[in-house]
Amino acid sequence: MSKSHQELRKIAGQLIMIRFPGTTLDAATADFIRENGIRGVCLFRGNMTDSEQLGKLTADLRAAMGPDALIAIDQEGGAVVRSTWVPAPPAAMGLGAADDAELARRTGAAVARAVKALGFNWNFAPVLDLNNNPLNPVIAERSFGAEPTRAAELAMAWMAGSHAEGVACCVKHFPGHGDTNVDSHRDLPTVNKPLDQLEAFEFAPFRMAAPQAPAMMTAHIVYPAIDPDNPATMSPAILDKLLRQQWQYRGVIITDGMDMHAIAGRYGVGNAAVRALTAGADMVMALGTTETQNETLDAIARALADGTLSEAQVQERLDRLSALARAYPCKPRSYKEDAADREIMAEGWRRSLTARGNPQRPAKGAKLRLVARQDVVSDGVSEAGVPAAVVAATLGKLYDVELVTFADAETFDWSSLPQDGAFTVLASTSRLRYGENARKTWKPDLHLALWNPYQALDIAAPALMTYGFAAPALDAVNAWLSGALEANGRCPVPGFE
C-alpha cells in the first residue's frame with residue numbers, strides 16, 4: 001500500500017481491540033483512539049464503578065470511535081461477569097444443570113438488556129467449550145456441559161435471546177478449550193486428539209452454532225492433528241481452511257487476548273498479531289498496554305506496507321467488522337426491566353441447584369459451624385469469590401453460625417475443629433481444586449460448592465452445587481436449607497452420576 005506509516009497505522013487500528021486503565025476516558029487515551037482509528041474496546045471490572053459512571057464512559061468512547069464502534073464486555077454469567085451490580089446471571093453449567101432452552105434464552109436476553117443499557121454492543125459469550133476434563137483450571141462451570149448437541153442448543157438459545165435484544169454474541173474459545181489442564185493465560189495448552197475425536201466433540205458445538213454466531217473468539221491452543229506448529233489463533237489450517245473454507249463461516253473471527261502468556265511470552269505481540277491476521281482473524285485483541293498496542297499497530301502497518309497483508313484481505317476484514325457494528329449498533333437503551341430480570345436470574349439459580357450424595361438439612365436454629373477460606377481470590381478471568389463473612393451472614397438467617405476460616409487448605413487441620421456435635425458446613429469459595437490434605441481428611445456434614453462443581457468430587461461429603469457465588473445463589477441455598485426448594489438440577493458433565 002502506498003500510504004504513510006501513520007495512514008497504515010490508522011487502517012491497522014481498525015483491526016485491533018484495546019483496553020485501558022481507569023474509569024474515565026482520559027485525553028491521552030482519547031487521542032490514541034482517534035489518531036489510530038481504533039474502533040474496538042473491551043472494558044473490564046477495573047473500568048467500572050456504577051451505571052452512571054459506566055454509561056458516561058461508553059458514551060465518551062462512542063464519541064471518540066465513531067458510529068462503527070464495538071464496545072465489548074465479558075458478561076457470561078456465574079463468576080465471569082464484569083458489571084457486578086446488574087442482575088446476576090447463572091453460570092452456563094448452571095443452565096446446563098437446569099436443562100431448559102427457554103430459560104437459557106430468557107437469561108441471554110436479560111443479560112443483553114442490562115449491558116446494552118450500559119453502552120455495550122458486543123458480549124464475549126456464550127462459551128461453547130465442552131468441559132469433560134475435571135482438571136480444567138479455567139473453564140469448568142463456564143461450560144454448558146459435556147454433551148455436544150445439548151450444550152450447543154442451550155448456548156444457541158442464550159445467544160438468540162441476546163441477539164433479540166440487540167447485543168452481538170461472540171462464541172468462544174474456538175475450536176475448544178474444554179479438554180485442557182493448562183490455562184492459556186499462563187502457558188500454551190495442547191489438545192492432542194485424533195481429528196475424528198475433535199470433530200465429534202470439541203468442534204461440534206462451534207460447527208452447530210456457526211450459522212447463527214456473528215463472531216467467534218479463537219483459542220490459544222495447539223491442535224496437532226490439524227496444525228502441530230501453530231496455536232489456533234495463528235493457524236491458517238484452523239481459521240482459514242477449517243472455519244472459513246470447510247464450514248463456510250461468514251462472521252467475525254477475533255483472537256483471545258494477545259497479552260496472554262501463551263502468545264505474548266512465546267511469539268511477541270506484534271509478530272503474533274500479524275500471524276493471526278494472515279491466518280484468517282479479522283480482529284486482534286491487543287489488550288496489554290499502550291506500549292504493546294503501539295508495537296501491534298506498527299507491526300500490522302509494516303505488514304500492510306510490504307504486502308504480507310494484501311489490500312483485498314484487509315478490506316474483507318474491515319467489511320466484516322463494519323457489518324457486525326451496523327447489525328448491532330452501539331446505541332444504549334433505557335433499562336426498566338431490572339426487577340423482572342432479577343427474577344429471571346433468580347429462577348435460573350434456583351433451578352440449577354444440584355444435590356450430590358443425599359445432603360441433609362440441619363434443623364432450623366441449630367448450631368452450625370461454617371468452614372471457609374479467609375480470602376477471596378480471582379484467577380484473572382473471573383471476579384473474586386464471595387467472602388466467608390457473607391456466607392456466614394446468609395446462613396445466619398437460619399442458624400446459629402460459628403465461622404472458622406483457613407488460609408491454606410493444604411495445611412488446615414480438620415481434626416482441630418471441636419467435636420461438640422455442631423453441624424459442620426464447608427463452603428468452597430474459589431475455583432481451585434482441593435489437594436491431598438483436604439481430600440483425605442476433611443469430613444464436613446455438608447459441602448456447599450459455591451463455584452467450581454468439581455470440588456464436590458474432592459470432598460467425601462454430601463454436597464450442594466450452585467455453579468457460582470452471586471447473591472441469588474446463596475438465596476437458593478437458603479431456600480433449600482429452609483425446605484422451600486428442592487435441588488433438582490443435574491450436573492451436565494461426567495463424574496456426578
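**Aromatic rings**

Modeller: Start with F174, which is buried at a relative accessible area of 1%. Buried means under 20% relative accessible area, exposed over 50%, and partly exposed in between, using a 1.4 Å probe and protein chains only. The model is predicted: local features need pLDDT of at least 70, side-chain atom pairs count only at pLDDT 80 or more, and totals for chains, interfaces and linings use all residues. Residues are numbered from 1 along each chain as its sequence is written, and side-chain values use heavy atoms, leaving out hydrogens and water.

The structure holds 12 aromatic pairs. Rings of Phe, Tyr and Trp (its six-membered ring) pair if their centres lie within 6.5 Å; planes under 30 degrees apart are stacked, over 60 edge-to-face, the rest tilted. F174 and F206 have ring centres 5.6 Å apart and planes at 75°, so they are edge-to-face. This pair links distant parts of the chain: F174 is in strand β6 (residues 171-174), F206 in helix α8 (residues 203-209), 32 residues apart. Helices (H or I, at least four residues) and strands (E, at least two) are DSSP runs, numbered from the N terminus. F206 is buried too, at 0%.

F412 and W414 are also edge-to-face, with 6.3 Å between centres and 90° between planes. F412 is buried at 13%, W414 at 9%.

R19 lies over the face of F44, 3.9 Å from the ring centre. R361 lies over W480, at 4.4 Å. The test is NZ of Lys or CZ of Arg within 6 Å of the ring centre and within 35 degrees of the ring normal.
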